[in-house]
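Okay everyone, thanks for coming. Let me put the sequence and the model up, and then I'll walk you through a few spots in it.

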Amino acid sequence: MSVEELVPRGEGQAHRTAYDDETRARLAADAAQIVARYPQERSALLPMLHLVQAEDGYVSPRGIAFCAATLGLTTAEVSAVATFYTQYKRHPNGDYTVGVCTNTLCAVMGGDAIWEHLCEHTGVGHDETTPDGKVTLERVECNAACDYAPVVMVNWEFLDNQTPQSAAAVVDALRAGEKVVPTRGADEVVTFKEMSRVLAGFLDGRADEGVGAGEATVRGTVLAREKGWSAPAFPGDEPATGTGAQAAAGAAVPRPGDEQSSAERPATTARDVSPEQQERKQAASDAKEQ
Amino acid sequence: MATTLAPVLSAHWDAERSWTMETYEAHGGYRGLRRALDMQPADLVTMVKDSGLRGRGGAGFPTGMKWGFLPAPDGGPRYLVVNADESEPGTCKDIPLMMASPQHLIEGVIITSFAIGCHHAFIYVRGEVVHVYRRLLRAVEEAYAKGYLGKDILGSGYDLELTVHAGAGAYICGEETALLDSLEGLRGQPRLKPPFPAVAGLYARPTVVNNVESVASVPGIVVGGADWFKQMGTERSTGHGLFSLSGHVTRPGQYEAPLGITLRELLDMAGGMRGGRALKFWTPGGSSTPIFTAEHLDVPLDYESVGAAGSMLGTRALQIFDETTSVVRAVTRWIEFYKHESCGKCTPCREGTFWLAQIMQRLERGQGTAADIDLLLDLCDNILGRAFCALGDGATSPVTSAIQYFREEFEAGCHTPADVLFPPERSALFDYTPRRTGAALAGVHA
């Protein structure tokens with residue numbers, strides 16, 4: 001390991017050591033709300049560290065001191081926790097974290113190419129921030145959206161099915177101060193500090209924005225309805241002659257030719273489930289999709 | 001007859017504003033809670049035991065039995081903690097469930113808490129999904145407003161508080177005791193067991209830790225009964241489960257089906273392999289489960305059959321790779337993940353994943369040595385069963401299984417870089433020209 005050169009900190013580079021009275025009072029009120037959620041106050045530490053990031057854009061020394069003082073811990077105990085979790089930043093973060101999934105599946109599907117392109121496009125690498133302070137690049141691990149690979153996260157909102165070009169366009173838009181809309185998320189990507197406040201458990205009024213599910217999420221749901229497949233009906237529920245498909249769909253009677261119209265009759269005889277019949281049904285469904 | 005899909009949790013994910021209380025109730029939501037509150041808690045536990053529901057978070061432990069392990073009430077608090085830290089590579093079912101239909105989980109939490117005598121439940125959701133956290137917080141608000149949470153729920157005299165807690169980025173917190181430490185405000189490192197959480201869990205009190213999908217399956221069991229649930233699946237792997245198809249498949253996505261469906265059937269529903277290419281390898285349940293190949297297309301995806309075929313059902317995270325993919329590159333990246341996420345508490349995992357990564361990286365560069373395959377296997381032998389928790393065990397799965405099925409690719413790693421044998425641009429979904437070699441990229445992620 002190389003010995004870092006000692007460079008005196010210039011003005012504005014030094015960590016601030018305390019909050020002014022007004023900020024401190026505001027944070028204390030937030031912290032009190034967080035602590036009240038738990039039977040034991042130490043459980044408030046993770047959300048409080050998110051709160052510190054909402055204030056300072058990273059886990060600052062004064063934020064660590066604030067957490068320690070609030071929860072009766074030493075700053076060493078708080079630091080030990082803050083250094084364990086990757087979402088806590090040890091130095092000031094950009095306004096937007098752009099995280100490219102480079103775990104195996106996304107990497108193979110194109111995540112590596114996106115990562116290479118973004119590094120070249122921005123001139124920064126992992127956990128580095130563009131000189132304008134806007135974008136921090138990160139390689140991230142699997143973010144539970146593998147059916148939308150390759151995935152890019154912007155301040156932990158999903159941008160699905162990305163390409164090097166689409167991801168670079170997002171970075172450019174963020175740096176230009178333009179609105180970026182996640183694929184499955186709020187109506188726009190909020191800043192790192194705003195996002196961190198949500199993670200501290202304070203809703204920002206955006207829960208009802210965006211879609212319920214993306215295309216890949218509902219593929220099984222839609223396919224089952226097209227095919228008339230369903231789970232068994234609950235006993236006592238109106239049985240839809242066998243499989244309960246229509247009841248489960250909870251929809252009005254379909255018009256001829258629509259989804260779930262006559263072609264979706266549940267199987268009643270052996271002939272209904274013969275390979276020939278399955279093929280005919282598939283052909284009919286395919287025709288309807290066009 | 002071929003197995004078909006059986007959407008239960010996913011039945012209304014495409015409904016208008018699917019995530020709201022209004023939509024959930026319009027589709028029969030909260031019937032289970034009303035029924036449950038009229039039952040004896042012990043009968044609910046019995047019902048879930050009888051249903052055969054097994055943990056959907058990977059291990060497959062019977063859910064009702066887990067509830068039954070709690071000691072007799074002693075007047076002190078007991079807790080339910082929902083593990084919503086979904087982070088296993090390939091696993092992508094709980095996050096979309098909570099985004100599309102969070103009330104399914106909330107109703108399950110209330111019923112489960114009532115069944116085990118818990119008055120303060122927690123949902124621990126990973127922090128890297130801010131919109132899912134918003135949806136959960138809002139869903140809890142709606143449930144309080146309807147009187148499904150709080151004091152005297154629906155006039156039953158039963159009280160329950162529910163806290164949704166966001167993590168901060170650590171795969172290890174999916175391990176249930178690490179999750180509890182994290183929820184207590186500590187570094188997320190696993191605890192020595194015993195005592196198990198049922199005896200001394202959160203705040204050293206009796207605690208049930210259940211996966212999102214397991215808990216969300218409970219309302220359906222209460223409405224339909226154990227026998228309804230057992231109509232689906234196999235004798236010992238009952239019920240419905242979300243199968244998450246990803247990778248080189250034409251239509252990746254969530255397919256909810258009875259346990260015991262095969263990958264061949266699922267692939268057929270998903271439009272087959274991308275561009276008609278051949279299937280090379282796949283994971284049945286995330287990266288911690290030994291890989292399968294095309295010879296396993298007809299293995300029924302239930303706990304017993306997958307186990308008998310040499311892997312684990314895990315989280316039903318079917319990551320599918322076609323013939324263009326280098327297995328050495330895939331395994332290297334997985335190992336780098338385990339190295340990155342190893343919590344450092346125990347030596348076999350902390351040191352072992354570090355060594356595995358170094359060896360895999362040189363094999364990917366085509367600079368392996370003749371002894372490297374044996375060295376990998378020896379290392380795995382010293383991690384598996386010797387690590388503190390399942391993370392270390394899981395790290396060995398891709399290595400040993402990939403060597404078992406693709407030994408010649410590891411041997412080729414002694415002289416030819418993986419990206420020469422398998423140009424990465426052929427595996428990607430879009431056309432591009434690699435700027436630098438994968439070998440140069442390997443190891444960037446320290």
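**A look around the two chains**

Let's start at A:Ala149: leaving aside its neighbours within four places in sequence, it is in contact with A:Leu105, A:Cys106, A:Met109 and B:Ser246. By contact I mean that the C-beta atoms of two residues, placed from the backbone, lie within 7 Å.

Before I go on, some housekeeping. This is a predicted model, where local features need pLDDT of at least 70, side-chain atom pairs count only at pLDDT 80 or more, and totals for chains, interfaces and linings use all residues. Residues are numbered from 1 along each chain as its sequence is written, while chains are lettered from A and ligands numbered from 1 in the order in which they are written.

Back to A:Ala149. You'll find A:Ala149 in the loop between β3 (135–140) and β4 (152–154) of chain A. When I say helix or strand, I mean DSSP runs, numbered from the N terminus: H or I with at least four residues for helices, E with at least two for strands. So is A:Ala149 buried or exposed? A:Ala149 counts as buried, because it has 29 C-beta neighbours inside 10 Å. The cut-offs: buried takes 20 or more other C-beta atoms within 10 Å of the residue's own, exposed means 12 or fewer, and partly exposed is in between, with C-beta atoms placed from the backbone.

A:Asn161 is twelve residues away from A:Ala149 along the chain, and their C-alpha atoms are separated by 5.3 Å. There's also a cis peptide bond between A:Ala149 and A:Pro150, with omega about -5°. Most peptide bonds are trans, and most residues other than glycine have a negative phi. Chain B has a cis bond to show you too, joining B:Lys193 and B:Pro194, with omega about -5°. B:Pro194 sits in the loop between α8 (176–183) and β4 (207–211) of chain B.

Now for phi. A:Trp156 isn't a glycine, yet its phi is positive, near 65°. A:Trp156 is in the loop between β4 and β5 (157–159) of chain A, and it counts as buried because it has 29 C-beta neighbours inside 10 Å. A:Asp127 is not a glycine either, and it has a positive phi of about 60°. A:Asp127 belongs to the loop between α5 and β2 (128–129) of chain A. With 15 other C-beta atoms within 10 Å, A:Asp127 is partly exposed.

Let's zoom out to chain A. Chain A has ten helices and five strands, and 47% of its 290 residues count as buried. Its average pLDDT, the predictor's confidence in each residue from 0 to 100, is 86, and 76% of the residues score at least 70. Be careful with residues 240–265 of chain A, though: pLDDT is below 50 there, and the stretch has 43 contacts in the model beyond near neighbours in sequence.

How do the chains meet? 78 residues of chain A are in contact with 90 residues of chain B. On chain A's side, α5(A) gives the most, with ten residues. By class, that side of chain A has 44 nonpolar, 21 polar and 13 charged residues. Here Ala, Val, Leu, Ile, Met, Phe, Trp, Tyr, Cys and Pro count as nonpolar, Asp, Glu, Lys and Arg as charged, and the others, Gly among them, as polar.

Six of its eight residues are buried, so α7(A) is largely enclosed by the rest of the structure. A:Phe192 and A:Met195 are among the buried ones. The cover over the buried residues of α7(A) includes α2 and β1 (96–101) of chain A, along with α7 and β3 of chain B. Just after α7(A), A:Gly201 has a positive phi of about 100°.

Last stop is α16(B), residues 372–383 of chain B. Which residues of α16(B) are buried? They are B:Leu376, B:Leu379, B:Cys380 and B:Ile383. Looking down the axis of α16(B), its buried residues fall within an arc of 100°, so they line one face of the helix; the arc is that of the directions from the helix axis to the C-beta atoms. Those buried residues pack against α15 (347–364) and α17 (390–412) of chain B. On the face of α16(B) turned away from its buried side you get the exposed residues B:Asp374 and B:Asp378.
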